[in-house]
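Hi everyone, thanks for coming. I'd like to walk you through one model today, so let me put it up on the screen.

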Amino acid sequence: MTDNVPEVPIALVTNAYLEKKAAQIKQKSMLWEGYERANLLTHNQVELIKAIDKRSPEQVQSAVQTNGTAYASLILHLVQKLSRPDTIQYVCVLSDTILSVDDSYARFFHEVASEDSSYPYGPFIKAMHLNDEFTALQASKILTILACSSPRPGAVDLTELWQWIVRQLGSQQTEFVDLAVQEIESLLRVRQFRLPFYAVPGAVQGLVKILDRPTVSPQMQYQVIFCMWLLSFEPEIAAKINKQYDLVLKITDIAKAAVKEKVIRVSIATLRNLVEKAPAENLAAMLVAKLLPFTENLSSRKWSDPDILEDIDFVKEKLQENFQSLSTFEQYASEIETGKLEWSPPHKSETFWKENASNLDEHNYQLLRALARILSTSTNAVVLAVAANDIGQYSKYGSKAGKRILQDIGAKHRVMELMTHEDQDVRYQALAATQKYMHQAW
């Protein structure tokens, strides 16, 4: 499947906070002749600037159409060489004015790259690191536009931009978070930027944390999941993003609670990509998240967008097929891997444990260790009760070596601690588990 990404401007970044500050800066008067007298600008360069300074969009368009590369070269030179913060602010605003009039004008900045090895990104990366809030925000927006318009995106190193953006994701200022997410949305439309973004420490985690915020708006949910949708076009990412970030359950829960159709639409589109690109890694987790009954419910609704029904039916059919073929143990393993334990049939089945306890020993006791980890880290009473039950069942039917592993990693001690838990069922299951492994002579 090719990327079915909607056609939009090169970089769709709009931010009321940034636009208000830019409008204030535009009102300032710059004495460009002073730079000419100081031999920092030539007379021709001053005339070029004055032809677009405080001019209408039509006048800017006319001037840049005629002298596009001259303007790009001049702006890059100014941002690179000047040191006064107010002047750099002003030049960044002029840059944004040029690119906002017609985003195809970004080509002029790429065309002058041969003039300096740092062009066209270097000057704005430098500006982004200045100790000035507005300049950094404006420079990041310009860098986003330039990167999205690159004729050779595979050769663009966005490491510093990515790192700056990821830091903004954790900001307490919603305007900064909004700008950062919009920039990620724009950049991830370019396929070559997806894997490098995924590899940036804290990048995807930063997006996930936004979804976890108690006051996150439907619009921000949509934008963040849109980023996940773009990432999920890459098979390598689709194969590991759920295991690393528990994305399937998170997106499913958001879609279940969503009122806005577009939030459901982008959630289901993301889940469809995960099914198409990496079914083996994602279908079982979707069944654990109860996505099948949810898609059955969604398919009976009326939607303003017909594409959403196609995605819903696709995911539903794949889940139905997988549900028939998935073994009971595979369903159980998916619960353990996601950490979302509930009282599904395998947990209470003596037959299941007789037949499958040894499977928890595979891959160096991977599932057994995961079960013990859930017991140590979860705060959910149902999850703790089920995990304690499973530890007891394993101690009854599992291997001696596996039981030693549980003792060595503290699972036995943790079960005994839970005998004083505030929840009655947790106390009961912990006591029952303790009796089982005492009976089996640990």
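Let's start at Lys 54, which sits in the loop between helix H3 (43-50) and helix H4 (57-81). Helices here are DSSP runs of H or I of at least four residues, numbered from the N terminus. Lys 54 has a phi near 60 degrees, a positive value in a residue other than glycine. Most residues other than glycine have a negative phi, and most peptide bonds are trans. With that in mind, look at the bond joining Tyr 119 and Pro 120: that peptide is cis, with omega about -5 degrees. Pro 120 also lies in a loop, the one between helix H6 (106-111) and helix H7 (122-128).

A quick word on ground rules. This is a predicted model, so local features need pLDDT of at least 70 and side-chain atom pairs count only at pLDDT 80 or more, while totals for chains, interfaces and linings use all residues. Residues are numbered from 1 along each chain as its sequence is written, and side-chain values use heavy atoms, with hydrogens and water left out.

Now, helix packing. Two packed helices are described by the angle between their axes and the distance between the axes. Axes are lines fitted to C-alpha atoms, for helices over the stretch in contact, and angles run from 0 to 180 degrees between N-to-C directions.

Take H8 (residues 133-148) and H10 (residues 174-188): their axes come within 9 Å and cross at roughly 10 degrees. That makes H8 roughly parallel to H10; the cut-offs are under 35 degrees for roughly parallel, over 145 for roughly antiparallel, 65 to 115 for roughly perpendicular, and oblique for the rest. Among the H8 residues that meet H10 are Leu 137, Ser 140 and Lys 141, and the H10 side includes Phe 176 and Leu 179; contact means heavy atoms within 4.5 Å. By class, the residues of this H8 and H10 contact divide into six nonpolar, three polar and three charged. Ala, Val, Leu, Ile, Met, Phe, Trp, Tyr, Cys and Pro count as nonpolar, Asp, Glu, Lys and Arg as charged, and the others, Gly among them, as polar.

How do H23 and H24 pack? Their angle is about 140 degrees, with the axes 9 Å apart, and H23 and H24 are therefore oblique to each other. On H23 the contact residues include Tyr 365 and Leu 368, and on H24 they include Val 383 and Tyr 394. The contact of H23 with H24 has eleven nonpolar residues, no polar and one charged.

H17 (residues 261-277) and H18 pack at about 130 degrees, their axes 6 Å apart, and these two are therefore oblique as well. Leu 271 and Leu 274 are among the H17 residues in this contact, which meets Pro 279 and Met 286, among others, in H18.

Finally, what lines the largest pocket? Helices H15 (241-245), H18 (279-288), H21 (328-338) and H23 (362-377) each supply at least two residues of the lining. By class, that lining has 16 nonpolar, ten polar and eight charged residues.

That's my tour, and I'm happy to go back to any of it.
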